[in-house]
Amino acid sequence: MGLLDGLRVLDLTMWRPGPYATQLLGRLGADVVKVEPPGGEPMRAFRDHFDVLNRHKRSVELDLKSEGGLARCLELARDAEVFVEGFRPGVADRLGVGYARLREVAPALVYCSISGYGAEGPLADVPGHDVNYRAYAGALAQDATAAGAELAVADMAAATMASFAITAAVLKARETGIGERIDLAMADVLADWVETSPDMSGADAPVPGYGVYPTKDGRTITLGVVSEQPLWAATCRALGLERHADVDFPQRFARLRELDGEIGHAIANLDRDEAVARLSKEGAPVAPVLTRAEMLDHEHFRARGIGQGPVRTANHAGPAIGVVPELDEHRGEGWRLTD
């Protein structure tokens with residue numbers, strides 16, 4: 001029994017943010033029906049991406065521009081608790097599946113719209129993707145030169161926030177019988193993160209021993225020393241800098257460039273794995289900067305069962321690795337029956 005068993009989610013999203021949000025719900029037991037346009041979601045052409053984002057779902061192919069396709073979508077929406085769409089603002093209304101229309105047939109429906117800049121505002125109609133949202137939100141480094149290979153932070157952050165907001169709205173809708181319209185913008189989520197974080201622009205490091213450090217073999221490691229004296233001392237011992245081990249936190253601030261420079265120099269004389277081994281042995285907060293392949297092969301993440309979801313529960317069964325639906329595999333099926 002999953003934590004969200006019995007929750008019915010109608011998913012009209014494509015690409016990454018919406019599908020990840022609904023997959024998070026599906027992983028916890030929600031019944032997710034994915035509505036795909038004629039020919040299927042375009043991302044099916046990239047099966048390595050599509051498959052990992054669309055497990056735990058069922059698929060129906062509907063042409064919302066046809067009378068029959070729209071009618072079937074509205075029929076599914078009538079008995080759903082959650083409706084998620086990722087169209088550009090105004091498109092859902094033109095297709096006949098906007099919030100006002102669905103609220104008429106399902107007053108308790110939680111309707112979530114995920115878009116780049118939100119349903120309203122000066123940027124609402126501006127097209128974009130992850131890198132654009134990061135740029136507007138102040139979440140892209142000023143000296144950034146390439147972003148294509150980076151983690152799609154805006155997409156994944158918005159998806160996670162959407163699943164949280166949906167769950168909260170469902171709790172209230174079940175209590176009151178009144179649904180909700182969630183207008184969730186990817187840029188807003190990052191802007192909120194940036195607004196609530198200190199401005200560290202121009203700083204070499206927040207404190208000595210915190211940051212990313214190159215190693216002799218052209219790789220990098222990270223250190224996470226902040227105020228804890230034992231962690232600072234462990235880092236100094238591991239790097240042959242015992243003379244600085246007793247420097248207290250206020251003095252480390254005063255000697256920021258000097259001390260962080262010595263740490264960086266010591267690490268630059270070690271290969272990545274040697275640096276990690278030395279620092280780990282002393283109990284310092286160190287981590288290698290891994291590639292995706294290295295992460296997937298790492299013993300910790302294999303032990304944690306990455307791929308089954310990031311949430312662990314003690315009293316309810318965790319999700320199995322879900323099945324990816326074939327296009328229109330579940331045509332004619334209704335919602336799953338619940339006790």
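In the predicted model, C73 is buried, with a relative accessible area of 1%, where buried stands for under 20% relative accessible area, exposed for over 50% and partly exposed for values in between (1.4 Å probe, protein chains only). C236 is likewise buried, and its relative accessible area is 1%. A search of the whole structure returns 0 disulfides, a disulfide being a pair of cysteine sulfur atoms within 2.5 Å. For C73, which takes part in no disulfide, the nearest cysteine sulfur is that of C112, 15 Å away.

Because the model is predicted, local features need pLDDT of at least 70 and side-chain atom pairs count only at pLDDT 80 or more, whereas totals for chains, interfaces and linings use all residues. Residues are numbered from 1 along each chain as its sequence is written, and side-chain values use heavy atoms, with hydrogens and water left out.

The chain contains 14 helices and 9 strands, these being DSSP runs numbered from the N terminus (helices H or I, at least four residues; strands E, at least two). Along the principal axes, its C-alpha atoms fill a box of roughly 75 × 45 × 40 Å. Of the 339 residues in the chain, 42% are buried. The accessible surface amounts to about 18,100 Å², with 54% of it belonging to carbon and sulfur atoms; accessible areas come from the Shrake-Rupley method with a 1.4 Å probe, and for residues only the protein chains shown count as cover. When contacts (heavy atoms within 4.5 Å) between residues at least 6 apart in sequence are considered, 70% of them join residues at least 24 apart.

Two helices illustrate how residues are covered. Just after α1, G29 adopts a positive phi of about 110°. Helix α9 (residues 229–238) has as its buried residues W232, A233, A234, T235, C236 and A238, so that the buried C236 noted above, at 1% relative accessible area, belongs to this group. The elements covering the buried residues of α9 include β8 (220–224), α10 (249–254), α11 (256–268) and α12 (272–282). This helix is followed by G240, whose phi is positive and near 70°.

Most residues other than glycine have a negative phi, and most peptide bonds are trans. H56, a residue other than glycine, has a positive phi near 65°; H56 is placed in the loop between α2 (47–53) and β3 (57–61) and counts as buried at 17% relative accessibility. D328, also a residue other than glycine, has a positive phi near 60°, and its place is in the segment after α14 (299–304). D328 is buried as well, with a relative accessible area of 17%.

Aromatic pairs were defined by ring centres within 6.5 Å for Phe, Tyr and Trp (its six-membered ring), with planes under 30 degrees apart counted as stacked, over 60 as edge-to-face and the rest as tilted. By this rule the count comes to 5 aromatic pairs. The rings of Y117 and Y133 have centres 5.1 Å apart and planes at 85°, and the pair is therefore edge-to-face. Because Y117 lies in the loop between β5 (110–115) and α6 (130–136) while Y133 lies in helix α6, this pair ties together parts that are 16 residues apart in sequence. Y117 counts as buried at 9% relative accessibility, and Y133 is buried with a relative accessible area of 6%. Y117 also pairs with Y136, the ring centres lying 5.6 Å apart and the planes at 90°, so this pair too is edge-to-face. The second pair links distant parts of the chain, with Y117 in the loop between β5 and α6 and Y136 in helix α6, 19 residues apart. Y136 counts as exposed, at 56% relative accessibility. One aromatic cluster is formed by F83, Y99 and Y111.

Helices α7 (153–176) and α8 (186–195) each contribute at least two residues of the nonpolar patch. V194 is found in helix α8 and is partly exposed, with a relative accessible area of 32%.
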